[in-house]
Amino acid sequence: MMIIRAALSKAVEWGYLSSHPLAGVKKAKEDASAPVRFLSDAELGRLLSAFDEREGRIRRERDSANDWRHARGYDPMQDLRVFAFADHLKPMVRLSLHTGIRRGELFSLTWADVHLDHALLTVRAASAKSGSTRHVPLNAVALETLKGWQHQSGSEGIVFPSATGGRFNNVRKAWAATLRLAKIDHF
């Protein structure tokens, strides 16, 4: 409706219409309190298993690539089996599940905002949906996740940097593939 209304406003502005045909039509009321979708225990179990399976596949692919490199006399890439995580997605989701921070807040999180010694992280006003800074306590899983991720990624800059070192803008492709693997329709 908003797109049609905008197009008709432009038509009036440009002189194609003498008056706006929807000028007297009021916007339909919407239910702003849509129900929150929670994962069932079975879905959560499948999701966590899917992450383990995904990480195993990534590690196997790296092992295969290193075997290929070794056979041709190339230096191997970093062995992913020495790290807690194969890539960024599993620690991102674990941290989100155990803290409730939103995607944009997660993408903007810096190590300066993470206080492992106090089991706390700070969501800055600039990245918070509410526009207010807040402090989020870390439970044992969130704390373990951040410690493991810090060990393999360092403790400077953005907690979860993109491949270029900047801020992520989405992880939809990896997330959608993991949901399919976990047989979860939508979330």
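A salt bridge here is a side-chain nitrogen of Lys or Arg within 4 Å of a carboxyl oxygen of Asp or Glu. The structure is a predicted model, and a search of the whole of it finds 10 such salt bridges. One of them joins Glu-144 to Arg-94, with the closest N and O atoms 3.5 Å apart. Arg-94 has a relative accessibility of 17%; the limit for a buried residue is under 20%, so Arg-94 counts as buried.

Helix H3 also packs against another helix. Its partner is H2 (residues 41–71), and the two axes are 10 Å apart at an angle of about 155°. Angles over 145 degrees count as roughly antiparallel, and H2 is therefore roughly antiparallel to H3. The crossing of H2 past H3 is left-handed. On the H2 side, the residues that meet H3 are Leu-44, Phe-51, Asp-52, Arg-54 and Glu-55. On the H3 side they are Leu-89, Lys-90, Val-93 and Leu-97.

The loop between H2 and H3 contains Pro-76. With a relative accessibility of 58%, Pro-76 counts as exposed. Once neighbours within four places in sequence are left aside, Pro-76 is in contact with Asn-66 and Arg-69. From Pro-76 to Leu-109 the separation is 33 residues along the chain and 31 Å between C-alpha atoms.

Ala-28 sits in the loop between helix H1 (2–13) and H2, and its relative accessibility of 59% makes it exposed. The C-alpha atoms of Ala-28 and Leu-8 are 18 Å apart in space, for a sequence separation of 20 residues.

The strands form an open sheet. It has 3 strands in the order S1-S2-S3, and their pairing is antiparallel. S1 and S3 are the edge strands, each pairing on one side only. Between S2 and S3, which run antiparallel, there are 4 bridges. Leu-120 has Pro-137 in S3 as its bridge partner.

Arg-124 and Asp-113 meet through their side chains at 2.7 Å, N to O. Arg-124 is in the loop between strand S2 (120–123) and strand S3 (134–137), while Asp-113 is in the loop between helix H4 (103–108) and strand S1 (114–115); the two residues are 11 apart and the pair links distant parts of the chain.

Within it, the side chains of Arg-102 and Glu-105 meet at 3.3 Å, N to O. Here Arg-102 counts as partly exposed at 40% relative accessibility, and Glu-105 counts as buried at 2%.

How values were computed
Residues numbered from 1 in each chain as written. Predicted model: local features only at pLDDT ≥ 70, side-chain atom pairs only at ≥ 80, totals over all residues. Heavy atoms only, no water. Buried < 20%, exposed > 50% of the residue type's maximum accessible area, 1.4 Å probe, protein only. Pairing = 2+ DSSP bridges. Axes fitted to C-alpha atoms, helices over the stretch in contact; angles between N-to-C directions. Parallel < 35°, antiparallel > 145°, perpendicular 65-115°, else oblique. Left-handed = near helix turned anticlockwise from the far one by under 90°. Contact = heavy atoms within 4.5 Å.
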